[in-house]
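Here is a brief report on one helix, the aromatic pairs and the annotated spans. Keep the structure open while reading.

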Amino acid sequence: MAGMKFEYDENGGKFFYFFLSVYALILVPATYWLWPKSEEKQSTHLEDILSYPPCRDKYHLLRASEPRRRRRTIFVKIVLLAAWIILLILAYRVSLIETEHKEYDPFMILDVDLEASISEIKRAYRELSKKHHPDRGGDPEKFANIAKAYKTLTDEEAKNNWKTYGNPDGPGVTHFGIALPKWLVDHKNSLFVLLIYTGVFMIVLPVIICIWWQKSARYAGDHILIDTIKIYHFLLTKTSLISIKRSLLILSASAEFDRRLNPMIVDRPSDNIELPELFRELTNVQENIKEIPFQQLYSIKARTLIYAHLHRLDSLSDNLEKDKQYIVRRSINLINEIINVAVQLVNVQHIKHSEIGPKLETIENTMKLSPMMVQALLNTKSPLLQLPHITENHLRFFETKK
């Protein structure tokens, strides 16, 4: 009864077929999703850019990230093109691999015709034996093949086995090829392979999973820190009616603005000099408030920059301007999260028929923060300031109808 035999890839041919298939399955969809999409060029109104400073500043701000985005696009294209070149090289390498399986033919080994007689077969065997016998410096493996071919053609049982099974030894074992190089399981390389398996599956993979889990467990929806949601929940349950001014306080207390929880935040020694100057210029920052967590330094800085944005101050240094832009961009999602937490607390309040919890006016006041941040305008200011070229000096003429 035939058994089974597993054979590893001696020459690496099967491994290249396997690797090429997996590589192509990954590369094709990756190219489709990662290849940079072409962007439509937007027309630029030069008269607005050159004549009105805020438009000019916005123009330069929007295009400040273009060089970085262009470099990233070029890098992605180069990586994908290099990956496709590797794929073509692998395909060419696979095309050069010769088929290992060859049908056993004793006539070809002895170099005789299919209709050769026994005497011709014996003569050919003697000549080849003299030439390839190990005692005369011949190849032992080749001589063994010659002897096997001679036995196949002269022994009836061996000849019948060859005609029936393609092998003079009868039904052999079933061969299964494994698409791995044989050196991978060689006992000489066992320590090296064991170290690789140990490093990958017991060190690298667990560390990657642990890091991913720690990072993902810190965030909720919209990539907002769980600590921030806890702060919102604590502050919203502490006071039932929250004004717009207090909503700004709650926004400034977000954990996203804390350097210890967000590596994107930068604390500079120059803040100790520049922020006090802003305190004197902004009268509603409330830098001396003692309530937790509003007295934290990160909250004071975030609150100061938020008010600088709402007052449209253009005297900030480059460092504070970068910090302000980051805080303003993050504030929109954070305001939405404050509203979500307030809505959840209101729903719980109605379900439990409790009087403890935020009022609907709290949600309304918090919702007003979004247009304030987008328009860079306090709710106490005139809506006419949203129009280009309109300043505080113009308002008294509009109000007196002159």
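Buried means under 20% relative accessible area and exposed over 50%, with partly exposed in between (1.4 Å probe, protein chains only). This is a predicted model: local features need pLDDT of at least 70, side-chain atom pairs count only at pLDDT 80 or more, and totals for chains, interfaces and linings use all residues. Residues are numbered from 1 along each chain as its sequence is written, and side-chain values use heavy atoms, leaving out hydrogens and water.

**Helix H10**

Helices (H or I, at least four residues) are DSSP runs, numbered from the N terminus. In H10, Thr228, Ile231, Tyr232, Leu235 and Leu236 are buried. Seen down the axis of H10, these residues fall within an arc of 120 degrees (directions from the axis to the C-beta atoms), so they line one face of the helix. An α-helix has 3.6 residues a turn, so residues three or four places apart point the same way. The cover over the buried residues of H10 includes helices H11 (244–252), H13 (297–310), H14 (318–352) and H15 (360–367); contact means heavy atoms within 4.5 Å.

**Aromatic pairs**

The whole structure holds two aromatic pairs. Rings of Phe, Tyr and Trp (its six-membered ring) pair if their centres lie within 6.5 Å; planes under 30 degrees apart are stacked, over 60 edge-to-face, the rest tilted.

| Pair | Centres | Planes | Type |
|---|---|---|---|
| Tyrosine 32 and tryptophan 33 | 5.3 Å | 85 degrees | edge-to-face |
| Tyrosine 125 and tyrosine 150 | 4.2 Å | 15 degrees | stacked |

Tyrosine 125 lies in helix H6 (residues 118–132) and tyrosine 150 in helix H7 (residues 140–154), so the pair ties together parts 25 residues apart in sequence. Both tyrosine 32 and tryptophan 33 are exposed.

Notes:
Helices (H or I, at least four residues) and strands (E, at least two) are DSSP runs, numbered from the N terminus.
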